[in-house]
Each structure stands twice: as structure tokens, then as C-alpha cells.
Amino acid sequence: MESNIFGKRLYFGVLLFTAILLTIAYYLMPFPPLTILEGQFSENSQNMDLYITETNKTTKTHQGTNSVIASKGFWTINSIGRLGNQMGEYATLYALAKLNGKQAYIPQAMANYLSPIFRINLPTLHESMWNKVHWQNYQLNDWMEDRYRHIPGDYVKLTGYPCSWTFYHHIREEILREFTFHDYLIEEANTFLRSISKGQANVTYVAVHVRRGDYVEVMPNIWKGVVADKVYLEKAMSYFRKKYSNVVFVVTSEGMDWCKDNIDASKGDVHFSGDGQSGSPARDFSLLAHCNHTIMTIGTFGIWAAYLAGGETIYLSNYTLPDSPFLKLFKYEAAFLPEWIGIPADLSPVLVRK
């Protein structure tokens, strides 16, 4: 009887001593510094795995809690502007995070904007997490600088309106894969192009994007500049008519009435998208990007359409006065690829106003 009691006491004593040793070892062991991010997850959340950041190639979560352990950190970027701005921000984040060896996450607002159009692959940072992270804001100019190769910080939010090929052109093929259209947009674009070819073979499609909208007032009144005029479009279209024997122009714009009044369609080679009405940005953009060459005016929408389309691009150059405040934010050489063809704008309207 006494030996059984002694044996039990010895057994529990060994267990207690072992537990004490393990506890001491746990607290003395040199673990890497960890940051705990509180998340609001649901069992059926499709994005749950997107919150988990690798810790030395190993991902850990607290059992029985909604906390995620992360030591490596991650980067994001502001989601501002319309389609062209969103694409520029996405591509810049993708390139700079990769250059600095960081994991990139996009805001939910950017995912909402881009994912219905493209098969983007960067993970999404849910809105419930956004305000829980102590971000280090890092302002970007709209051109690549050497200092961006070594941006300090684990939780960095890039800010600004970056949309320059100088950030991401060195990984062009990766960026083009990120901006792969969904099948429904590809099919709609190809259906329209086939319909205007009228059964002809070897048609050369030239996208024409005419940016007007708010720029009609903003450029002369704020930026001391102009938008594209009728003469510019005639010169650009003449270039392609002389170079290609069977050319078809596809015009998109948010100012389609102006286009129909100022673009000569009498030759039968000009087609206005959407039956001459302004279409949705996604469908117009896909249509432009599926053409062979591009005539653009101003704005990031046209820049990205040309970048995705490839081929030759003609753009409006020198469309602001030399003392324009716009040039503190924008560099022509950082916006337009060197091989693109610039046609100088007629600045006489703002010269007269000045």
C-alpha cells in the first residue's frame, strides 16, 4: 500500500519537474522577434490564407485564437484614381516589393477595381486588417529613383500616383501576365474586331484613345497645357495609313461626340466603339489593348492600353508650357517608352491665354 503511494508521488514529481524544465527552456530559448496581427476571420473566409505571412519560410497561427504571427512584414500601396492609376500602382508595388525582397499585398479597394478585369495574382489585405497595421508611408515620384532599391521598413505603404515604365519595364513579361484579361473581355474585343474587318484578311487594327473629360478644363486652367486636337489625330492616323495597306482605326473616348465631329470617317476605315457611344472603361480598355498599334492622347488609360497592346505607339508630346507646374510631377521620358513616337502639341491656345 505504502509503496503504491510512494510510486504515485514519485511519478507525479517527475512530471512536475519535467514541466518546470520545459517551461524554463521555452522562455530562455532565443526565438526571433514576432509581431502579432489580430484578424477577424470566418471559417468560410476565402482570404484567410492571405493574411498569413511567412516566418523564416514557416507560417504559424495561435491555436484557439484569430491571431497571426508574422516577423517578415509586408508592403502595400495606396488605391487611388481610376483604371490607369490603379494599374500603375499595382505594377509599381509588384516591382518595388520584388526588388526589395518583400511580400506585396494589395488593398481590398484595388482588388475590387482590378480583379473583375484582370487575372491578378497578388494577395489581398482585407479591410479589417488595414487599420490594424502601423504603416510606414513612403512617397514615390512618378519615375524610378535609385533610392527605391533600398526602401527601409517591414510594413511599408507606398503612396503617390506612380505610372512609369521605369519602375517595372525590366520585368515586362511578368507585368503583362498580371494584366491578363478575363475570357469574357477577350471574346468581346475579338468579336468586335472581327465584325469591323468585314471578312478581310491581314487587317491592321490601330487603337485610338481620345482623352477629354475633365482634362478639357484642367489642362489649360491648371496645368498650362492642352489636350489633343483634330490636327494631331489627323497626323497620327496619316502615319499608319501610309505605312499599312489595310488599316482599320478603332476609336474609344469618354467624349465620343467630339470624336465624331473631329475625326474624318469618310474613308470607311474609322470605327467608333459601342455604336458611337462611350463604353465601360473595362470593355474600352480591352478593345484598345487587343489592337496591333496605338494612337493615344494623354492620360494613364492610354499609356497602359499602348503598353499592353505592344506594337507602335504615337503619343501627344510637349503638351504643356515649359513653366507648367505639371512638370514637377511628370516627366515625358519616364511616361512614354523611348521607341514610341511623339508628335508635339499645338500650344497656341495656352500661349494666347498666357
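Colleague: Is Thr-92 buried or exposed, and what is the relative accessible area of Thr-92?

Modeller: In this predicted model, where local features need pLDDT of at least 70, side-chain atom pairs count only at pLDDT 80 or more and totals for chains, interfaces and linings use all residues, the numbering deserves a word too. Residues are numbered from 1 along each chain as its sequence is written, and side-chain values use heavy atoms, with hydrogens and water left out. Buried means under 20% relative accessible area, exposed over 50% and partly exposed in between, with a 1.4 Å probe and protein chains only. Thr-92 has a relative accessible area of 0%, so Thr-92 is buried.

Colleague: Which residues does Thr-92 touch, leaving aside those up to four places away in sequence?

Modeller: With contact taken as heavy atoms within 4.5 Å, Thr-92 touches Leu-140, Pro-162, Phe-167 and Tyr-168. Thr-92 itself lies in helix α2, helices being DSSP runs of H or I with at least four residues, numbered from the N terminus.

Colleague: How do α2 and α12 pack?

Modeller: Two packed helices are described by the angle between their axes and the distance between the axes. Axes are lines fitted to C-alpha atoms, for helices over the stretch in contact, and angles run from 0 to 180 degrees between N-to-C directions. Helix α2 (residues 83–99) and helix α12 (residues 300–309) pack at about 60 degrees, with axes 7 Å apart. The contact involves Leu-83, Gly-84, Asn-85, Met-87, Gly-88 and Ala-91 of α2, together with Thr-300, Phe-301, Trp-304 and Leu-308 of α12.

Colleague: What share of the residues in the chain is buried?

Modeller: Of the 354 residues in the chain, 49% are buried.

How values were computed:
Helix = DSSP H or I, 4+ residues; strand = E, 2+ residues; numbered from the N terminus.
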